[in-house]
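Biologist: Could you take me through this model and tell me what stands behind each term you use?

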There are 2 protein chains.
Amino acid sequence: MSNTIKKAFEIVQLIEKNQGKYTLTDIVKILGINKTTAFRNLKTLEELNILEKINNLYYLGISLFEMGSKVYIKQIVIEKIHPILRELSEDVNETVNLAKIHNGMVLYLDKIESKRSLQIQSSIGDTLPLYCTSLGKSILSILPEDEMREIIKNINFERTTNKTISNPKKLIEQINEIKLKGYSIDDEEFEEGLVCISVPLYLKHHNFYGSFSLSGPSIRFDQATLLELSKKLKKYKNIIIEKLKH
Amino acid sequence: MSNTIKKAFEIVQLIEKNQGKYTLTDIVKILGINKTTAFRNLKTLEELNILEKINNLYYLGISLFEMGSKVYIKQIVIEKIHPILRELSEDVNETVNLAKIHNGMVLYLDKIESKRSLQIQSSIGDTLPLYCTSLGKSILSILPEDEMREIIKNINFERTTNKTISNPKKLIEQINEIKLKGYSIDDEEFEEGLVCISVPLYLKHHNFYGSFSLSGPSIRFDQATLLELSKKLKKYKNIIIEKLKH
DNA sequence: GCTCATGGTTTCACTATATGAAACTTCGTT
DNA sequence: AACGAAGTTTCATATAGTGAAACCATGAGC
């Protein structure tokens, strides 16, 4: 049903993956669709400012920015939480990330970069696997048991570092630990030299299953520091829950 | 051409205007389309997470947030400018807004609220007329002459306060003044009690015609203060231009 | 607890509408 | 100037979206 919309969306998704990389012909080849169809759909999408064409290369268009700014979670949840996360970031002088679960993945919602942060590893709007980020593990720990197991069942474990969790058993073990401790750690499990610590964030009224984290280089994030940070995270978590109660 | 996409977009635009207000039947009535068509398109849009249905009411979906976060202007321009605007906001302790021109309107791109700001008058992603905001007038002052005149020709002047500019002649007068002074003021021209001051921002390399502003209650924004703020704005403008030079 | 009304959902025949092969244009390169 | 590669337009065709009508679910009123 309504294949045309889906086809158009497929094109937009392709452009989302690689902005400024693809030309009409590329798109036709990659998606295996007819040239004329692609041409017309691209034209329409351009007219609607959903895509933008510069030198025959396609980019996401400004309509998406406009509409994206008005999504409930952005206007209500993120905007309200943002100033609190900003305080946290200034308090500990580290980079803060906010995320929620979406389609069995971690979706990055907000980010406050500390002045001393170097690497840019994630951008708002990115999605990453649940099992290799502290954010994801935190979220898993607050999901209803059966939902959590269903999601884990469908995970395809892929290593990105030699510390990456590589099987469901180990993941579930860690999740049980997180449930007790109230926070999760990613100790270079996704990227060498990068350590993150997260606390889960459940906002009942907004049907929000998410988490937020502090991240930085492993040199700075030793055991003692992590314990300190976990306390800070929990403190700000309570502030957020209080603010978004109704 | 590709009417299906346009029809779908029309629906999304309607939802954008009033999230959580419309049901299938409402949409059918408002847009004057067939019920079955609307039903199917809504279903598809829902499947793609472009729309979300809660209790038969439609909201913008999370796909729009994801894609919106990756629009060039957001990832490159806004993210880079944001920390500078944050400094400005903290420096003067007032609310900062960033905007660009889009379809002859002011499009709000970013906002840093000061702790003492009360009213929320604009949200990121909103569009407002050019002639009744300081942001818009600043932008008009840096557009190529013919483009500026073309845009002004198409403006439908509508008063929202008794100070609103109500004819092209007065607007062009003010624009010429702004060109000399290097900043523009909105003295309760859009909303009673609200004063804004903006400087234009042209980023050649990014083909960016925009501006940023400070805004607050008229009590606080007297003549002397405005002069001070204009100097601050110009200072930060230069910092931004320097940072986004290449 | 039955009836009615309202709004959401499904069916199915129809034709309007999107499709795609081929022709054509544009532009940059040799 | 000729060639090739990429974008654009044409037009016949049939697929895929359309919409009237029937159907179902829910909730209000009696």
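Predicted model: local features only at pLDDT ≥ 70, side-chain atom pairs only at ≥ 80, totals over all residues.

Modeller: Residues are numbered from 1 along each chain as its sequence is written, chains are lettered from A and ligands numbered from 1 in the order in which they are written, and side-chain values use heavy atoms, with hydrogens and water left out.

Biologist: What makes the relation of chain A to chain B that of a two-fold axis?

Modeller: A rotation of 180° with 0.0 Å of shift along its axis superposes chain A on chain B, with an RMSD of 0.0 Å; that is why the relation is that of a two-fold axis. A:Gly68 is the residue of chain A that comes closest to the rotation axis, its C-alpha at 2.3 Å.

Biologist: How do you know that the copies meet through the same surface?

Modeller: Contact means heavy atoms within 4.5 Å. Of the interface residues of chain A, 100% are also interface residues in chain B, so the surface is the same.

Biologist: Why is the pair of B:Thr36 and DNA strand D called a polar contact?

Modeller: A polar contact is a pair of N or O atoms within 3.5 Å (within protein, one must be able to donate a hydrogen and the other to accept it, and residues adjacent in sequence count only if both atoms are side-chain atoms). A polar side-chain atom of B:Thr36 lies 2.7 Å from a base nitrogen of DNA strand D, so the pair meets the cut-off. A:Lys53 has a polar side-chain atom 3.4 Å from a phosphate oxygen of DNA strand D.

Biologist: Which classes make up the lining of the largest cavity?

Modeller: The lining divides into 16 nonpolar, no polar and no charged residues. Ala, Val, Leu, Ile, Met, Phe, Trp, Tyr, Cys and Pro count as nonpolar, Asp, Glu, Lys and Arg as charged, and the others, Gly among them, as polar.

Notes:
Least-squares fit on C-alpha atoms with pLDDT ≥ 70 in both.
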